[in-house]
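Student: I have a model open and want to learn how to read it. Can you walk me through a few features?

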Amino acid sequence: MPPPSTDEFETQRRYLTAVAYRMLGNRAEAEDAVQEAWLRYAHHAEEIRDVRGWLTTVTARICLDQLNSARVRRAAYVGEWLPAYVIDPDADPAGQAELADQVSIALLVVLERLTPEQRVAFVLHDAFGVPFDEVAAVLDTTPAAARQHASRARRAAADGNIRHTADLAEQRRVLNAFLAAAQSGDMQALAAVLAPDVVAIGDAGGMFRTALRPVLGADKVARFWVGLITNRLTDVLDAKVDPVLVNGSAGMMMRGVRESGEPFFAVLTVAVDDGRITGLFNQQNPEKLILRDL
């Protein structure tokens with residue numbers, strides 16, 4: 001039997017990784033899922049007529065298994081759960097084109113609220129146009145049930161939507177204005193850049209201090225961040241703050257050492273709509289930070 005075509009598989013790898021990342025919210029786990037799909041493909045390549053369709057189904061089933069097992073792990077997770085960040089240097093316009101297919105943290109946060117079946121159905125059908133009979137095969141259910149999973153996911157995503165419509169230049173401007181106002185304690189300036197329904201979420205994985213629940217509303221978010229900067233970050237020595245791109249959106253990376261000698265590392269990104277921040281996502285769990293060429 002001739003060996004399977006690696007070239008044929010490699011033409012699908014980027015697509016499969018995009019599917020898996022939207023389902024899992026973790027780039028490393030997505031790449032592992034695609035690699036597992038390759039191993040299965042290698043055993044069945046000669047039998048496959050529709051390579052993309054077969055690989056999509058297999059990758060989605062692998063992700064569904066991971067999502068179901070992850071529910072147990074996440075139940076024991078300390079504090080809020082944010083997806084893993086993919087962090088790139090802040091890019092010029094030419095470099096930004098390469099990041100156009102990145103998935104924002106704002107969208108991934110919304111997807112985290114879905115059941116595994118809803119997430120798989122929503123990603124496959126709504127994001128990648130997979131027909132419901134094929135979605136049903138992944139979920140081991142009927143097309144009607146698959147359609148219902150996607151419909152429920154769509155409603156849940158709409159209800160929990162964190163609006164993120166601004167271009168990168170506006171995101172940078174609003175994020176810089178927010179940080180300047182928070183550092184100065186200017187509550188009026190903060191009110192000007194925070195949407196009334198803004199949500200702030202921090203993820204430290206139980207390793208560092210952060211809010212254990214989302215902070216909701218402009219007033220509470222403003223007070224929380226002023227307190228965070230003026231009280232909790234004052235012991236960070238030799239702090240270095242750099243603009244970065246987090247999943248293609250504007251972000252800030254802060255590195256330093258606390259007076260205790262403990263390293264400090266945090267990455268903040270935002271969702272912005274109509275000139276105001278609708279979501280603040282602060283990641284301090286080092287296991288969820290993938291830095292590329294920094």
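Tutor: One caution to begin with. This is a predicted model.

Student: Understood. How do I read phi?

Tutor: Most residues other than glycine have a negative phi. Look for the exceptions. Asn247 has a positive phi of about 55° and is not a glycine. Asp274 is not a glycine either, and its phi is positive at about 55°.

Student: Where in the fold is Asn247 found?

Tutor: In the loop between β4 (236–246) and β5 (249–258).

Student: And which loop holds Asp274?

Tutor: The one between β6 (263–273) and β7 (276–283).

Student: Is Asn247 buried or exposed?

Tutor: Take the relative accessibility and apply the cut-off. Buried means under 20%. Asn247 has 2%, so it counts as buried.

Student: Then is Asp274 buried or exposed?

Tutor: The cut-off for exposed is over 50%. Asp274 has 69% relative accessibility, so it counts as exposed.

Student: Let's move to cavities. How many of 30 Å³ or more does the structure hold?

Tutor: Two. For each, read the volume, then the lining, then the elements that supply it. The largest cavity has a volume of about 80 Å³.

Student: Which residues line the largest cavity?

Tutor: The lining is made by Ala200, Ile201, Gly202, Thr210, Ala211, Val215, Phe224, Trp225, Leu228, Leu280 and Asn282. Three elements each supply at least two residues of this lining: β2 (194–203), α11 (218–232) and β7.

Student: What is the lining of the largest cavity like by class?

Tutor: Eight residues are nonpolar and three are polar. None is charged.

Student: What about the second largest cavity? How much space lies in it?

Tutor: About 30 Å³. Its lining includes Ser104, Ile105, Ala106, His164 and Phe281. Among the others are Val246, Ser249, Thr269, Val270 and Ala271.

Student: Which element gives the largest share of that lining?

Tutor: β6, with three residues. Helix α5 (105–111) also supplies at least two residues of the lining of the second largest cavity. By class, this lining has six nonpolar and four polar residues, with no charged ones.

Student: Which residues of α1 and α6 meet?

Tutor: From α1, they are Val19, Tyr21, Arg22, Met23 and Leu24. From α6, they are Arg119, Val120, Val123 and Leu124. By class, the α1 contact with α6 has seven nonpolar residues, two charged and no polar ones.

Student: What is Phe178 in contact with, leaving aside its neighbours within four places in sequence?

Tutor: The contacts of Phe178 are Leu190, Val193, Leu194, Trp225, Leu268, Ile277 and Leu280. Take Leu194 as one case. Phe178 and Leu194 are 16 residues apart in sequence. In space, C-alpha to C-alpha, Phe178 and Leu194 are 8.1 Å apart.

Student: And do any of these names come back elsewhere?

Tutor: Trp225 and Leu280 do: they also belong to the lining of the largest cavity.

Key. Residues are numbered from 1 along each chain as its sequence is written. This is a predicted model: local features need pLDDT of at least 70, side-chain atom pairs count only at pLDDT 80 or more; totals for chains, interfaces and linings use all residues. Side-chain values use heavy atoms; hydrogens and water are left out. Helices (H or I, at least four residues) and strands (E, at least two) are DSSP runs, numbered from the N terminus. Buried means under 20% relative accessible area, exposed over 50%, partly exposed in between (1.4 Å probe, protein chains only). On a 1 Å grid over the protein atoms alone, a cavity is a set of points where a 1.4 Å probe fits but cannot get out, and a pocket is an open set with protein on both sides within 12 Å along at least five of seven lines; lining residues have an atom within 4 Å of a point. Grid points are joined across faces, edges and corners, and a volume is the space filled by probe spheres set on the points. Ala, Val, Leu, Ile, Met, Phe, Trp, Tyr, Cys and Pro count as nonpolar, Asp, Glu, Lys and Arg as charged, and the others, Gly among them, as polar. Contact means heavy atoms within 4.5 Å.
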